[in-house]
Each structure stands twice: as structure tokens, then as C-alpha cells.
Amino acid sequence: MLFTKLNAQEDPELSVGGALRFNYNYSSWKEGQKNRGGDFGYDLFRLNVNGSYQGIYIDAEYRFYSRGFGGDFLKHGVFGYNIDEKRKVEVGLAKVPFGIERYNSHNFFLNLPYYVGLEDDHDMGITYTYNGDRFEYHFGFFKNAEELRFGSNTEASSLRYSYDIVGRNKEINQVNGKILFKPDNTPKHKIGASAKYGGLYNLDTEENGDRYAFAVHYEYKTEDWFIKAQALKAGFNPENAQGQTRNIIKMGAYGVPYEVASNFEIYNVGISRIFEADTRLVKHIELYNDFGFMNKRTPGFENSFMNVTGILINSGFIYTYIDYAAGYNHSWLGGNFEDDFAAGNPDAKWEARFNINVGYYF
């Protein structure tokens with residue numbers, strides 16, 4: 001981590017970090033790749049900037065992917081103010097307080113909520129956080145998702161990290177609330193509930209629909225074990241033009257959109273076991289399994305599944321994820337990408353990707 005004093009006046013501070021990652025994958029549904037024995041290539045380079053001056057701080061992360069994965073974009077970036085040791089306010093491309101944070105999973109691929117915009121999501125707005133000994137409160141108002149074009153009736157871009165609504169609808173005026181209870185006055189147990197409600201502005205009808213999601217979640221963490229479990233319900237009610245279906249909504253990230261069912265539940269659970277090694281090459285090892293099930297409420301739509309079994313090897317600054325990620329009607333795991341999280345394919349079969357991601361974090 002690089003630490004730089006900008007000047008001596010009131011001690012402004014700036015730290016710059018980041019990561020460089022490479023990826024190997026071998027996918028069951030890619031015959032050419034199987035014939036080659038998989039592929040190994042560039043994943044990302046990222047920069048993290050943290051600074052503070054006169055009580056105001058900045059926290060930002062910019063990511064550089066290949067052009068095929070959307071190119072480069074801001075993952076998150078906020079100005080913040082610590083009111084006191086327990087309370088803070090942040091403004092900008094801020095973390096949306098919903099569900100288990102930071103990730104609802106242990107593996108490199110995250111879990112099903114991420115692929116429908118409900119895990120590690122960031123939108124444009126303001127958040128308030130209170131972190132007490134027994135309770136945590138998180139509230140947010142988000143004017144919209146990342147807006148890159150500012151046109152009168154311009155569709156939202158899919159050039160982003162977290163999945164947001166794109167196509168002929170736009171996310172507007174979203175409110176979020178989350179409460180966490182720590183019953184034993186330690187971070188060992190966290191019992192929580194989250195809710196969000198917002199508008200959907202349709203570019204064709206110029207009318208507002210709405211959307212909602214709520215979840216209950218639980219975390220258990222010790223030095224050796226980490227368990228995460230969550231159940232959520234989400235619905236989207238767009239005011240589309242006549243003749244356009246309301247059973248799907250379009251979402252996008254990494255430069256490419258796809259369809260998502262407009263009414264569903266997701267249930268997921270993950271468990272990990274941490275082993276301390278503390279050798280010259282390995283500091284600790286984490287074994288995990290994350291499972292997710294998406295129950296679509298539209299008749300005729302096929303449900304989606306995801307399961308990832310893997311190991312994380314920590315070697316100081318180097319983190320290596322070795323994952324066996326399997327999916328059924330999953331856009332990133334063997335599907336046709338376009339409608340796996342919507343109508344899906346009744347003749348789909350489980351597909352899997354063996355993946356190794358190696359990253360140097362500085």
C-alpha cells in the first residue's frame with residue numbers, strides 16, 4: 001500500500017492500492033476450449049484510492065477489464081463523512097444496503113443475487129450507516145443507477161460492474177433500509193432484514209412502474225467457520241408499451257444485457273472452513289461451498305440453480321481462488337446468456353466451469 005502526505009496543512013492523506021488478476025478456465029460447454037485444455041489469460045487490473053481531508057474522505061475503485069468484458073468503469077466511488085465512531089454518511093456511486101454485505105458468498109463467482117442486481121450493487125445516491133454494539137442500521141436513497149449518457153430518452157449503458165436495469169426502463173428514486181441484530185454483542189452472529197422500493201421509468205410510455213425486494217439473512221462467523229444464509233423476494237412492474245411483455249426485465253453489466261424474470265425468489269446458503277497455515281508460501285486456506293436457487297413465479301419459466309465448491313489460498317499479497325462452478329439455466333455457466341434468468345430452457349442440463357483466479361493485491 002502506497003501512502004503519500006499531500007502536504008503538511010491539516011495532514012491530508014491519500015493511499016493508493018489495487019490488484020492485478022489472471023484467470024484460467026475450462027468450461028464443459030465449450031468444445032474448442034476443452035480440446036485446448038482450457039484457456040489462461042488476463043482478468044483485470046484495478047486501482048483503489050482512499051483519502052481524507054478535514055473530516056471528508058474519498059473511497060473509490062476503478063476497474064480495467066478486457067474489451068470483451070466491458071472495458072473499464074468505476075466500480076464504486078463516494079465522498080464520505082464520519083459523524084462519529086458509529087455513524088457515517090456517503091454520497092456518490094455508493095454501496096446499496098441490501099442483504100449480506102460485502103458479498104453474499106465466499107467464491108470468485110459470487111452467488112445468484114449478484115446476477116439480478118441484489119449482491120454487491122452500487123448506485124448513485126446517499127447512504128447513512130449506524131454501526132452499534134448490538135444493532136446496525138443502514139439507509140439509502142438512490143436517484144438512479146450509474147448514468148453515463150444523460151440523454152432525454154437514452155437507454156442505460158451495460159458498461160458497469162454491478163447488474164442494473166437497462167433497455168427501455170430505467171431505475172429511479174430507490175429507497176433502501178436494512179437492520180442487523182448481533183444478539184451476543186459480538187460479530188459472531190448477525191440476524192438481519194432488508195427492503196428496497198423504487199421506480200421504473202419507461203422511455204416509451206413515459207410512465208413510472210415500480211420494483212421491490214426484501215430479504216431476511218443470517219451470518220455466523222468465528223475464526224474457523226463462516227456461514228451465510230439468505231432468502232429474498234423481488235418483483236418488477238414496468239409500464240411497458242402495449243404489446244411488450246411485463247414478465248421480464250432487461251439487466252446489464254460487463255457490456256452485455258440479458259433478460260431476468262420480473263417475479264422471483266432466491267434462496268442461498270454458503271459455508272466455509274478456514275485453516276491457518278502460516279508458512280512461508282501459504283498464510284491460510286479456506287474451503288467453501290455456495291449454493292443458490294432461483295424460483296421464478298411466471299408459469300412456464302424454468303428455475304435457475306448455481307453451486308460453487310472451491311478453495312481460497314492466501315499467500316500474503318497473493319490470493320488464489322480454485323473453483324468448480326456449476327449452473328443450471330445460468331447465463332454465465334453454460335446457458336445461452338440471453339434468457340437463462342428469465343424463461344430459461346426446459347431441456348437445459350447442468351454445466352460446469354473449472355476456474356483458477358490468481359490475483360496480486362497491493
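Residues are numbered from 1 along each chain as its sequence is written, and side-chain values use heavy atoms, with hydrogens and water left out. Because the model is predicted, local features need pLDDT of at least 70 and side-chain atom pairs count only at pLDDT 80 or more, whereas totals for chains, interfaces and linings use all residues.

Side chains of opposite charge can pair when their charged atoms come close. With a salt bridge taken as a side-chain nitrogen of Lys or Arg within 4 Å of a carboxyl oxygen of Asp or Glu, the structure holds 22 salt bridges. One of them links Arg246 to Glu239, with 3.7 Å from N to O. Arg246 is partly exposed at 41% relative accessibility, and Glu239 is also partly exposed, at 28%, where buried means under 20% relative accessible area, exposed over 50%, and partly exposed in between (1.4 Å probe, protein chains only).

Salt bridges with shared partners join Arg46, Glu61 and Arg63 into one network.

Glu155 lies in the loop between β8 (135-144) and β9 (164-165), and Arg168 in the loop between β9 and β10 (169-181), so the pair ties together parts that are 13 residues apart in sequence; the strands are DSSP runs (E, at least two residues), numbered from the N terminus. Glu155 is partly exposed, with a relative accessible area of 31%, and Arg168 is partly exposed at 27%.

Key:
Helix = DSSP H or I, 4+ residues; strand = E, 2+ residues; numbered from the N terminus.
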